Amino acid sequence: MQQAEHNTFYPLVLLDTIGEAVFVIDTQWRYTYVNKKAEELVGRPCEELLGSTIWELFPETVATIFSAEMHRAVQQNTPTRIETYYPPLQKWFESRIYPSAAGLVVLSQDITGRKQAEEALQRSEKLLRALADTAPSIMWIADPDGTIIFHNKQWIEYTGISPKENANDWPELVLHPDDLDRYMQAWQQALKEGSDYEIEVRYKRHDGVYRWFSTRAKPVRDTSGRITAWFGSTTDIHERMLLEVERGKYAALISSSDDAIVSKTLDGTITGWNHAAERMFGYAAEEAIGQHITLIIPPELHQEEEDIIRKLRQGIRIRHYETVRVRKDGTRVDVSLSISPIKDSAGKIIGAAKIARDITERIELERRKDEFISMASHELKTPITTLKGFTGMLLRKFERQGMQEEVPMLTRMDAQINRLTKLIDELLDVSKVQAGRLDYEEEPVDLAALLQETVEILQPTSPTHTLIVRETTHAMIMGDKDRLGQVLTNLISNAIKYSPQANQVDLSITTSNKTVTLRVRDYGVGIPKAHQKHIFDRFYRGRVSHSKAFPGLGMGLYIAHEIVKRHGGEITVESEEGKGSTFVVSLPLKK
Ligand code: ADP
């Protein structure tokens with residue numbers, strides 16, 4: 001058949017107009033027809049092609065899949081379709097091969113464009129997959145009916161199963177039984193409504209441990225608004241959930257506490273205010289939060305707040321600090337404060353938490369107790385004074401009458417009355433200190449002379465110990481002679497009382513530039529370190545085991561401390577258990 005004839009044949013002319021290349025090959029693999037497009041495709045005119053075999057014209061295709069497919073089509077007499085890359089032209093072709101008795105009809109078209117697009121798509125899919133695998137969360141894509149069609153490797157790493165391979169039962173395998181229904185219902189609803197999806201549930205890890213996750217999904221829509229897929233992410237929020245539970249517990253504790261709990265920033269702005277604070281101070285949380293803490297601090301105590309803040313900045317806790325606060329209605333409330341610094345995660349102090357306990361009742365009770373002590377000691381004082389007077393009279397009378405037997409008895413009676421009087425005086429002093437009513441004279445006092453006097457009074461009644469003034473110097477101070485004498489008497493009496501095995505007490509007075517220092521040293525039982533800071537407290541008595549051996553009520557040092565403090569001085573102790581104690585009083589010298 002001649003090409004020229006054929007091409008004028010009407011149907012063949014038509015073949016020139018189609019977009020595909022058409023080759024007809026006879027049983028000897030010779031080209032018998034090529035259309036225009038085919039000429040273009042191979043880049044040769046039909047004269048060069050017709051009559052020659054495909055293998056001689058394109059020897060490079062002999063050993064290719066294309067050639068194998070052509071032969072298979074002929075041998076099996078079945079049409080076939082093949083996509084091949086043809087390197088000389090750097091092009092992809094899709095060829096459909098139809099065998100017939102006369103040979104083969106091959107329709108080819110250039111699909112390079114499509115192939116490139118496909119490859120680009122594959123490349124970007126690969127990139128996205130790699131990206132998804134580096135994400136910190138589990139990521140997944142579901143088709144519009146909710147079946148998962150993609151997931152990153154984190155999913156398998158965590159659960160040990162692939163939702164794609166367990167399309168129907170992965171929720172039962174992975175979700176916590178208590179969360180399953182909630183999860184499925186919410187997911188079905190989101191699928192139905194096409195709405196964003198978000199839920200917090202527990203997922204089982206490959207080792208059987210459940211952890212909390214937050215799962216979110218969003219529908220992806222095409223231009224017509226139809227959902228084409230769901231993009232989802234599932235993030236581990238276990239630590240956060242635990243923290244929230246913990247926080248919830250603390251919040252419940254704080255709100256149910258009977259003590260007011262108030263938090264504030266370092267500049268004093270109130271940030272937290274529990275129910276008890278509302279009850280104690282009369283301000284609702286909304287009124288107090290955001291205000292400055294001075295809202296509840298009486299004006300005269302504003303300095304106190306500054307001291308507290310300074311301590312907090314240094315990270316110092318404040319425990320059971322007794323003070324006064326003011327309520328919304330202006331009345332005062334006695335409180336005991338415990339304040340702790342609040343630190344951020346880096347350990348920096350950013351605020352303070354304050355626990356305030358209402359101690360009004362306790363203070364009132366103490367006041368009543370003090371009042372009672374004061375009244376009782378006054379009541380006791382009158383009969384004792386009378387007793388003392390008559391004892392003295394009797395003693396003098398019996399002495400005059402030379403009643404040898406009765407005189408020592410009356411002398412002992414007088415001594416016991418003196419003890420009683422001293423106790424009652426101390427009780428009275430304590431209640432006066434408490435009420436702030438201990439009165440002081442203001443006169444020049446020579447401490448050296450006062451010490452000498454005191455020693456002279458005490459020595460005759462202390463046969464077991466020698467009171468030795470080791471060093472003394474003239475030292476004038478301003479103050480109350482009787483009260484200072486009381487301090488000296490107390491320290492020397494204690495030194496004797498607490499050193500039963502010793503036989504001396506050393507005393508000294510020294511002066512420096514502006515102060516005079518008095519030392520009272522004994523060689524007795526000493527005071528353990530742990531007790532030293534308490535011995536100046538009211539009613540504090542040292543070791544219980546001493547109580548019987550050393551009678552007393554724990555008032556002497558409290559009063560002495562108060563008197564020295566009122567004179568602008570200081571009283572301290574240096575002591576070692578079993579070796580004795582030295583009480584040191586320092587007072588400002590008279591200018
Ligand atoms: P009292 O002697 O009545 O107990 P004080 O107030 O004088 O009360 O003393 C308080 C406590 O301090 C005593 O109970 C005792 O434990 C301790 N103390 C005081 N002086 C001495 C001392 N010189 N040696 C050892 N302990 C002492």
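Colleague: Which residues does Glu305 touch, not counting residues up to four places away in sequence?

Modeller: This is a predicted model, and in it Glu305 belongs to helix H14, which covers residues 302-313. Leaving aside residues up to four places away in sequence, the contacts of Glu305 are with Lys264, Ile293, Ile297 and Lys354.

Colleague: Is Glu305 buried or exposed?

Modeller: The cut-off for a buried residue is a relative accessible area under 20%. Glu305 has a relative accessibility of 5%, and therefore it counts as buried.

Colleague: How far apart in space are Glu305 and Gly268, C-alpha to C-alpha?

Modeller: Along the sequence, Glu305 and Gly268 are separated by 37 residues. In space, taken from C-alpha to C-alpha, the distance between Glu305 and Gly268 is 8.7 Å.

Colleague: How many bridges join E17 to strand E19?

Modeller: Strand E19 spans residues 504-511 and runs parallel to E17. Within this pair, Ile468 stands opposite Asp506 of E19. The number of bridges that join E17 to E19 is five.

Colleague: Why is helix H21 described as largely enclosed by the rest of the structure?

Modeller: The buried residues of H21 include Leu557, Tyr558, Ile559 and Glu562, and they pack against helix H16 (406-435), helix H18 (481-497), strand E21 (570-576) and strand E22 (580-588). Helix H21 covers residues 556-566, and it is largely enclosed because the buried residues number eight of the 11.

Colleague: Which residue just after H21 takes a positive phi?

Modeller: The phi in question is about 75°, and the residue that takes it, just after H21, is Gly568.

Colleague: Over which residues does pLDDT stay under 50?

Modeller: Across the chain the average pLDDT is 90, and 97% of the residues score at least 70. Where pLDDT is low, the predicted coordinates should not be read in detail. The model has seven contacts beyond four places in sequence for the stretch where pLDDT stays under 50, which is residues 1-6.

Technical notes: Residues numbered from 1 in each chain as written. Predicted model: local features only at pLDDT ≥ 70, side-chain atom pairs only at ≥ 80, totals over all residues. Heavy atoms only, no water. Buried < 20%, exposed > 50% of the residue type's maximum accessible area, 1.4 Å probe, protein only. Helix = DSSP H or I, 4+ residues; strand = E, 2+ residues; numbered from the N terminus. Contact = heavy atoms within 4.5 Å. pLDDT = per-residue confidence, 0-100. Pairing = 2+ DSSP bridges.
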